[in-house]
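Visitor: I would like to go through this structure step by step. Please take my questions one at a time.

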Amino acid sequence: MTVASFLDPPGPRGRRRQQIATGVTAVVVVAVVVVALRRLADRGQLDGDRWEVFAQRSVWTFYLRGFARTLQAGAVGGALSLALGLGLAFGRLARGRPVRWAATAWIEAFRAVPLVLLMFFAFLGLPRLGLDPGPFWSVVIGLTGYNSAVFAEIFRAGILALPAGQTEAADAIGLRYWQSMRFVVVPQAARAMVPAIASQLVVLLKDTSLGALVSYEELLRRAQITGEFARSPLQALAVAALFFAVVIFALNHLARRLERHRPTPLAAAEIPPETLLTTGAVRAA
Amino acid sequence: MDVIADNLDSYLGGIAVTLWLSVLSFLLAVAIGVVVATFRVSPLRLARTLGAVYVEVFFSLPLLVWALLFFFGLPKVGIAYPPFTSAVIVLGTFTGALVGEALRSGINTVPSGQGEAARAVGLRFWQVLGLVVLPQALRTMIGPLGSILLALVRNSAVAAIAMSVDDLMWRSDQLATSTAQPVAVLTGTFVAYLILTVPGTWLVNALARRYRFTR
C-alpha cells in the first residue's frame, strides 16, 4: 500500500493543492542541496586536489581489498551465527530443562548487549585469558555472539509458527523427534524464514564495519587510513560511505525480493511481523 | 572483581549517560519517524519518494559510518556540535528511519475496511486517522517500538565510542585500558547492559501481550 486508503481521490481543487505542495517541496529540496554544495565548495571540500587520491588506481584496489575483508568477516561470522543459532533454537525448544535454560540464557544475554562490547571483549579481554584472537577473529566472535542469538529467535519463531497439526501428524505416523524435525518441520519452516534470515544477514554485513574499532582493516578502517594519509578525511569517508550505501542497498533490495517471491506461500507458517521487528530485521512490506 | 567495586561510580555515571542519551535520541527518532511515516503514505508522490529515500539511506549506511561522517565530516564545512549533541542527532536520525518503517507497517496492519468504513460514516481525514486507524495501529506497534528502543540503547555504544561521549561503553573502554584488567571490567559492562536492557525487554513483552488483540 502506498497511499493511505482512507484518503479520497482528490477533486480538481485538491489536485491543484497537491501540485502546489509538490512544487514547494521540490523548491525546498533543491534549496537544501544547493546550500549544502555551496558550503562544501566555499570550504574547498570540492576542490580537485582534495579528491586527487582517487585518481590513483592503487587507492581503489586498497578500498576494494578492504571491502573484500568486510565480506570475509561477514561471511565467516554469518555462517557461524547461522550454525550456532540453529543449535540454540533447538536447545531452547528442547525438552530437557538444563539445555533449554542454557540456550535461553545465551540468547537473552547476547541479544541484549551491544555488539561492540562483544568485539572489545574478544579483542582486549581474551588475550588476557591466554587466547589471542587478533582483529579478524575478534570481529567474527563479536558478530557470532550477537547474531547467533538473533538467528536462534528467527528459527524458533519459524518453527513455532508452523501449524501444530504438522508435528502431530508426524507423531501420528510414528516419526521420532529428530525425524519429524528433519522431514516435516524444518523444510516447511525454512521457507517462511528465508526473508528474515536474508535481512538479518544484511544487518550482519553492515555491523562488520564495527571491526574498524578493533583495528580490523576492512573498508571503513581503510577509508580512515586513506583519509589521514591523503589529508582529505571527509572525501575518503564519503567514498566509503557511498560504497557501503550502494552495496547494502542492493542487498536489501534482493532480500526484499525474496519476501515477495516466496517459493511456496505457506500462509499459516508466516513469521508474524513483530518477530521480524524484534530481531532487528525490520522489513514489513 | 575489585575493579568493578572500586569504579562503581564510573559505571553508574556511564549508565546514566547511556540512559539519557538513549531517551533523548528516542524522542528525536519518534519525531522524525512520524514525519517519515507521514511522508511515506502521503498522496504527494514527491513526499513519498523523499520518505523512501530517507529510509533507504539509513537502512543502507552502517551506523558507525554515519557517526564518523557526521562527527568528523561536518566540522569540515564549519558546522560543529559537541559530542553528546552529535551523538543524539546521529542516533536520532538513524533510528528515525526504523521508527518510520515501524509506524508505517503498523498503520498497514489495520485492514483498509476500517478506514473505508470510517469514511463511509462521514468522519473527516484526521478523525479517521485519530479515532479509528491510529488507536488500532498503536497497539500493534508497542512491540516493534520497544525493540527499536532497546536496539537504540545498544547502538548508543557505537555512537559514544565514535565520538568519545562518556557513556557506559566509552568509560568501560577507558577503564579496561587504565586498569589493565579488561576481562573483569568488560564483564562488569556486560552485566550493566543486561541490567539496563533485560527488564526493558520484559516490560515491552508484557505490554505487547497486554495490548495485543487477535483480529
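**Two chains and their contact**

Guide: Of the 215 residues in chain B, 48% are counted as buried. The model is a predicted one.

Visitor: What share of the 285 residues of chain A counts as buried?
Guide: A residue counts as buried if 20 or more other C-beta atoms lie within 10 Å of its own. Applied to the 285 residues of chain A, this gives a buried share of 40%.

Visitor: How many helices and how many strands does chain A have?
Guide: Read along the sequence, chain A follows the pattern α-α-α-α-α-α-α-α-α-α-α. The count for chain A is therefore 11 helices and zero strands.

Visitor: And chain B, how many helices and strands does that one have?
Guide: The pattern of chain B along the sequence is α-α-α-α-α-α-α-α-α. The C-alpha atoms of chain B fill a box of roughly 70 × 45 × 20 Å along the principal axes. The count for chain B is nine helices and zero strands.

Visitor: What part of the contacts in chain A, between residues at least 6 apart in sequence, joins residues at least 24 apart?
Guide: In chain B, residues 24 or more positions apart account for 74% of the contacts with a separation of 6 or more. For chain A, the value is 73%.

Visitor: How far apart do the C-alpha centres of domain 1 and domain 2 of chain A lie?
Guide: Domain 1 of chain A covers 10-46, and domain 2 covers 52-278. The C-alpha centres of these two domains of chain A are separated by 39 Å.

Visitor: Which element gives the largest share of the side of chain A that touches chain B?
Guide: The contact takes 55 residues from chain A and 56 residues from chain B. On the side of chain A, the elements giving two or more residues are α1 (12-42), α4 (97-112), α5 (115-125), α10 (233-260) and α11 (273-278). The largest share is 10 residues, and the element giving it is α10(A).

Visitor: Are α5(A) and α9(B) roughly parallel or antiparallel?
Guide: The axes of α5(A) and α9(B), residues 182-211 of chain B, come within 9 Å and cross at roughly 165 degrees. Angles over 145 degrees count as roughly antiparallel. The crossing angle therefore makes the two helices roughly antiparallel.

Visitor: Is the crossing of α5(A) and α9(B) left-handed or right-handed?
Guide: The angle between the axes is roughly 165 degrees. As for the hand, the crossing of α5(A) and α9(B) is left-handed.

Visitor: How do the residues of the contact of α5(A) with α9(B) divide into nonpolar, polar and charged?
Guide: From α5(A) come A:Leu117, A:Phe120, A:Phe121, A:Leu124 and A:Gly125. From α9(B) come B:Pro182, B:Val183, B:Leu186, B:Thr189, B:Phe190 and B:Tyr193. The division is nine nonpolar, two polar and no charged.

Visitor: Is A:Phe120 buried or exposed?
Guide: A:Phe120 is found in helix α5 of chain A. Leaving out residues up to four places away in sequence, A:Phe120 touches A:Val214, B:Asp173 and B:Leu186. There are 26 other C-beta atoms within 10 Å of A:Phe120, so the residue is buried.

**Two positive phi values**

Visitor: What is the phi of A:Arg231?
Guide: Most residues other than glycine have a negative phi. A:Arg231 sits in the loop between α9 (219-230) and α10 of chain A. Its phi is positive, near 55 degrees.

Visitor: Is B:Ala180 buried or exposed?
Guide: B:Ala180 lies in the loop between α8 (168-179) and α9 of chain B, and has a positive phi, near 55 degrees. Within 10 Å of B:Ala180 there are 11 other C-beta atoms, and 12 or fewer count as exposed. B:Ala180 is therefore exposed.

Methods:
Residues are numbered from 1 along each chain as its sequence is written. Chains are lettered from A and ligands numbered from 1 in the order in which they are written. This is a predicted model: local features need pLDDT of at least 70, side-chain atom pairs count only at pLDDT 80 or more; totals for chains, interfaces and linings use all residues. Domain bounds come from an automatic or database domain assignment. Two residues are in contact if their C-beta atoms, placed from the backbone, lie within 7 Å. Helices (H or I, at least four residues) and strands (E, at least two) are DSSP runs, numbered from the N terminus. Axes are lines fitted to C-alpha atoms, for helices over the stretch in contact, and angles run from 0 to 180 degrees between N-to-C directions. Angles under 35 degrees count as roughly parallel, over 145 as roughly antiparallel, 65 to 115 as roughly perpendicular and the rest as oblique. A crossing is left-handed if the near helix is turned anticlockwise from the far one by less than a right angle, and right-handed if clockwise. Ala, Val, Leu, Ile, Met, Phe, Trp, Tyr, Cys and Pro count as nonpolar, Asp, Glu, Lys and Arg as charged, and the others, Gly among them, as polar.
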